[in-house]
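Reader: I would like to learn how to read a protein model. Please take me through one, feature by feature.

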Amino acid sequence: MKSLSLKIDLHVHTCYSPDAVTTLKEVITYSKKRGLDGVAITDHDTLAGALKLQNSDLIVISGIEITTLSGHLLALNVTTPIPPKLDINETIQRIHEAGGIAVAPHPTLFYKSAPSRQTASYDAIEVINSAAIPFRLFTYLNQKLAARLSLPQTAGSDSHYGPEIGAAYTVIEADPDVDEIVRAIKKGATTPVGKSIPWRMRLKGKALSLKRKI
Ligand SMILES: [Zn+2]
Ligand SMILES: [Zn+2]
């Protein structure tokens, strides 16, 4: 069977992250609106939202954005919780034991919690992160890093607000099955695509997120 070119936003937060406002229903609505085949739900240190979204016609990769001792780390295709605040290498090992892959999100961003660049055991590098500012500079630096480490390249919106979903996505040559997709990412059958989240949308999302916290 010939594999498809699937468009998957590999970094999506939902209201199960304390700083995000997107409901699970909105994940589906906006993913379809943006023409995505699927998303990876990567809430901060929780799988709760990801596991609840499994029964939709969208491809949903359950993931976590784990807070390690040296920055954030994306675990994709895990269904068991991985504890935060562990050494990054131990976290990667636990992700692999759980059957998942470890992707370094926003690896060169100094103001977000960028993961350590000294670790070579990532399975892929997120080169496009739509929330990064300045977008072009960080995309360039991330691409250089991925090339230096000879690792596959991914893209994700890092959306915290529904309309931001799909601002970036990874085109993955694979059959529409989560295990196949993850294998394809590991093999590097990926093309990162995307742009920065527009300012107006960004501000609206931030305002809603603040309102949520009050
Ligand atoms: Zn992050
Ligand atoms: Zn994130």
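Author: Start with a contact: two residues are in contact if their C-beta atoms, placed from the backbone, lie within 7 Å. In this chain, among contacts between residues at least 6 apart in sequence, 60% join residues at least 24 apart. The model is predicted, so local features need pLDDT of at least 70 and side-chain atom pairs count only at pLDDT 80 or more, while totals for chains, interfaces and linings use all residues. Residues are numbered from 1 along each chain as its sequence is written, and chains are lettered from A and ligands numbered from 1 in the order in which they are written.

Reader: How many helices and strands does the chain have?

Author: Helices (H or I, at least four residues) and strands (E, at least two) are DSSP runs, numbered from the N terminus. Here there are six helices and nine strands.

Reader: What does the radius of gyration say about the chain?

Author: The radius of gyration is taken over C-alpha atoms, and the globule rule is 2.2 Å times the number of residues to the power 0.38. For 214 residues a compact globule would come near 17 Å; the chain has 15 Å, which agrees. Along the principal axes, the C-alpha atoms fill a box of roughly 40 × 40 × 35 Å.

Reader: In what order do the strands of the sheet stand?

Author: Two strands pair if DSSP finds at least two bridges between them. The open sheet of nine strands has the order β7-β6-β5-β4-β3-β2-β1-β8-β9, with mixed pairing. Because β7 (153-156) and β9 (190-194) each have a single partner strand, they stand at the edges, and one side of each is left without a neighbour in the sheet. Axes are lines fitted to C-alpha atoms, for helices over the stretch in contact, and angles run from 0 to 180 degrees between N-to-C directions. With direction ignored, neighbouring strands of this sheet are turned by 30° against each other on average.

Reader: Which strands does helix α5 lie across?

Author: Helix α5 (residues 178-187) lies across β1, β3, β4, β5, β6, β7, β8 and β9, and runs at about 100° to β8.

Reader: In which sense do β3 and β4 pair?

Author: They pair in the antiparallel sense over six bridges, and T67 has H72 in β4 as its bridge partner. The two strands form a hairpin with two residues between them. On to the next strand: β4 and β5 run antiparallel and are joined by three bridges, with L74 opposite V103 in β5.

Reader: How does β5 pair with β6, parallel or antiparallel?

Author: Strand β5 (residues 101-104) and strand β6 (residues 124-129) pair in the parallel sense over two bridges. V103 has A124 as its bridge partner in β6, and A104 stands opposite I125. β6 also pairs with β7 in the parallel sense, over four bridges, where the bridge partner of I125 is Q153.

Reader: What unit do β6, helix α4 and β7 make?

Author: A crossover is right-handed if, with the strands pointing away from the viewer, the path from the first strand over the helix to the second runs clockwise. β6, helix α4 (residues 135-149) and β7 make a right-handed β-α-β unit.

Reader: Is L10 buried or exposed?

Author: A residue is buried if 20 or more other C-beta atoms lie within 10 Å of its own, exposed if 12 or fewer, and partly exposed in between. L10, in strand β1 (residues 4-12), counts as buried because it has 30 C-beta neighbours inside 10 Å. Leaving aside neighbours within four places in sequence, its contacts include A40, L76 and T170. In the chain, 50% of the 214 residues count as buried. Six of the six residues of β6 are buried, whereas helix α6 (residues 199-213) has one buried residue of its 15, so α6 lies largely in the open.

Reader: Where are there backbone angles that deserve a second look?

Author: Most residues other than glycine have a negative phi, and most peptide bonds are trans. In the loop between β4 and α3 lies N77, whose phi is near 65°. K85 lies in that loop too, with phi near 60°; K85 counts as exposed because it has 10 C-beta neighbours inside 10 Å. The peptide bond from I133 to P134 is cis, with omega near -10°, and P134 is found in the loop between β6 and α4.
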